[in-house]
Amino acid sequence: MPRSYIPRELRVAPVLSATIRTAPTTKCHALLLNPFYPKDPHASFGKHVLTPTLALTSIAGSTPAHWTVRYWDENLLQGQPPSEPFPQVVGITVHLTFARRAFELAKWYRDRGAIIVLGGLHVLSCPDECRPHADALAIGEGVQLWGQILRDVDTCVLTSSSTSSPRVYRGSYTSQPYRTDPAPRRDLLPKDSFLTTSSLIATRGCHNRCGFCYLATEGLHQPYQTRDVEQVVSEFTKDGQPYAVFTDNNLGSKPHYLRELCRALRPLERIWSAAVSIDVTDDPSLIREMALAGCTGVFVGFESLTDDNLTDARKRTPRTHDYARRVRILHDHGIQVNASFVLGFDHDRKDVFARTVEWVEHNRLECSTFHILTPYPATPLFRQMEAEDRLLHRNWDLYDTAHVVFRPKHMSAEELYEGYAWCYQRLFSSASIWRRRPADWRAVLPYLAMSYLYKRSNRLWHLLIKHRLVHTVWHPLVEWTRRRHVTFRRRLEVQTAHAQSDPTAGRSLTVLSAGV
């Protein structure tokens, strides 16, 4: 299999210079860090800069007024994180795949006098690993903890120490309504570095608890909660972007709420995409509301085309034989589908790769995302693999869904990895892109343009990210898509109005490109 292109900057984190001389800490100044993680050469580099993570900007929103705060994402390829002014407090989000890098950053800043606060899922699932690297651990809902942590710094309750055990702060996802969380600090973001800074979140949690999902982590009690619709619409309006990405785990877990949200978004005449489960198509009228509100694409966790795999994973979902019909409902309303599949389940054989890709092509899915089954620590899947002695190692760097870290049942680890890489190679090929073109000829050119720019332009993506040109290059295409979609919505309204009187009015509409 040909070797995929990946430059060093996307494989190796920036060097933390040991010779830089830093000034004393600046009182009441905080730095929030998103650590570097190596990129998968098989996937599009563009997916890492579509929209910023909300984790740190949401936490920044709860910063006390007398503190200043800065945001830094190492994945934007701007070099070593800042040290001027030198922060009094450094908050670092920790995920298992970049835990090692998070600890390196913590040591660098801690050695120079900063107070280190670690938060994120890895702190919850593996707190003992994180303790030696922090002055404080934030476990649970970080937004409600950040202000208290900084107030403790003000009163010297929390100080920098390399010897004592860190203070542990615990936040609950049920202690207060979700609507009381402050709005994210989007003003901290480098807008030129993202396709859109309008990463929105309306809900928290998911009605599923799949055994392989991080939401099933032991100790994570995150019920499904919603924000006020008016809050979400206000944030979208104020950010001024034509396109938003909802980062919710599952925006459709409460259909009545999604319908209310769509009706509030509709007058904005903007476009957006979101992650939903395929059962959102239970009610086609809800899909119509989504389309009329500007939904151009959905990310759907199909996970597998084998029902037994979904049963084992405890995923509540329609039967797989009905997936194709449900995809057509989305397509008929101009909504693209990015299908997510997990490879390596216990009922997967060596034919899973070809079967999955052929299904994607037959149903003309615009995009697909593949993941190697990965047992995250403290999840039911991890406990199962551990009990069956199937874990190959505990090198968290490789627990990124792009490496095989367990022994599959019906193939070798090498065969699983090769099959995973082949799926991306096939789906990103010109032949497959052409096979999946929209049936309506008017949508073919925009589809091809977006497909090639997103899926076959990693060399370009590297340059766009490094030189902060992502927004500049993509904004005209996104705005063009928005205008096309506004026109599409008007056709959809007319078509729906005449559906009962004109038998041909209900025919499929053009599938419009969402720009990503």
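A: Let's begin with a pair of helices: α15 and α17 cross in a left-handed way. That label applies if the near helix is turned anticlockwise from the far one by less than a right angle, while clockwise would be right-handed. The model is predicted, so local features need pLDDT of at least 70 and side-chain atom pairs 80 or more, whereas totals for chains, interfaces and linings use all residues. Residues are numbered from 1 along each chain as its sequence is written, and side-chain values use heavy atoms, without hydrogens or water.

Q: Why is α11 called roughly parallel to α13?
A: α11 and α13 pack at about 20°, with axes 10 Å apart. That angle is below the parallel limit, so α11 is roughly parallel to α13. Their crossing is right-handed. Helices are DSSP runs of H or I with at least four residues, and strands are runs of E with at least two, numbered from the N terminus.

Q: How do you know that Y323 and W359 form an edge-to-face pair?
A: Two numbers settle this, because a pair of aromatic rings is described by the distance of the centres and the angle of the planes. Y323 and W359 are 6.4 Å centre to centre, with 70° between the planes. Rings of Phe, Tyr and Trp (its six-membered ring) pair if their centres lie within 6.5 Å, with planes under 30 degrees apart stacked, over 60 edge-to-face and the rest tilted, so Y323 and W359 are edge-to-face. The pair links distant parts of the chain, with Y323 in α10 (residues 323-332) and W359 in α11 (residues 352-362), 36 residues apart.

Q: Why is Y323 called buried?
A: Its relative accessible area is 0%, and buried means under 20%, exposed over 50% and partly exposed in between (1.4 Å probe, protein chains only). W359 counts as buried too, at 15%.

Q: Why is the pair of Y417 and Y420 called tilted?
A: Their centres are 6.2 Å apart and their planes stand at 45°, neither stacked nor edge-to-face, so tilted is what remains. Both lie in α13 (residues 413-427), three residues apart, about one turn of the helix. Y417 is partly exposed at 28%, whereas Y420 is buried at 1%. Y323, W359, Y417 and Y420 are among the members of one aromatic cluster.

Q: What makes α10 mostly covered?
A: Seven of the 10 residues in α10 are buried: Y323, A324, R326, V327, I329, L330 and H331. These residues pack against α8, β12, α9, β13 and α11.

Q: Where does the charged end of R270 sit?
A: Over the ring of F236, 5.1 Å from its centre. The rule asks for NZ of Lys or CZ of Arg within 6 Å of the ring centre and within 35 degrees of the ring normal. R112 likewise lies over the face of W108, at 4.1 Å from the ring centre.

Notes:
Contact = heavy atoms within 4.5 Å. Axes fitted to C-alpha atoms, helices over the stretch in contact; angles between N-to-C directions. Parallel < 35°, antiparallel > 145°, perpendicular 65-115°, else oblique.
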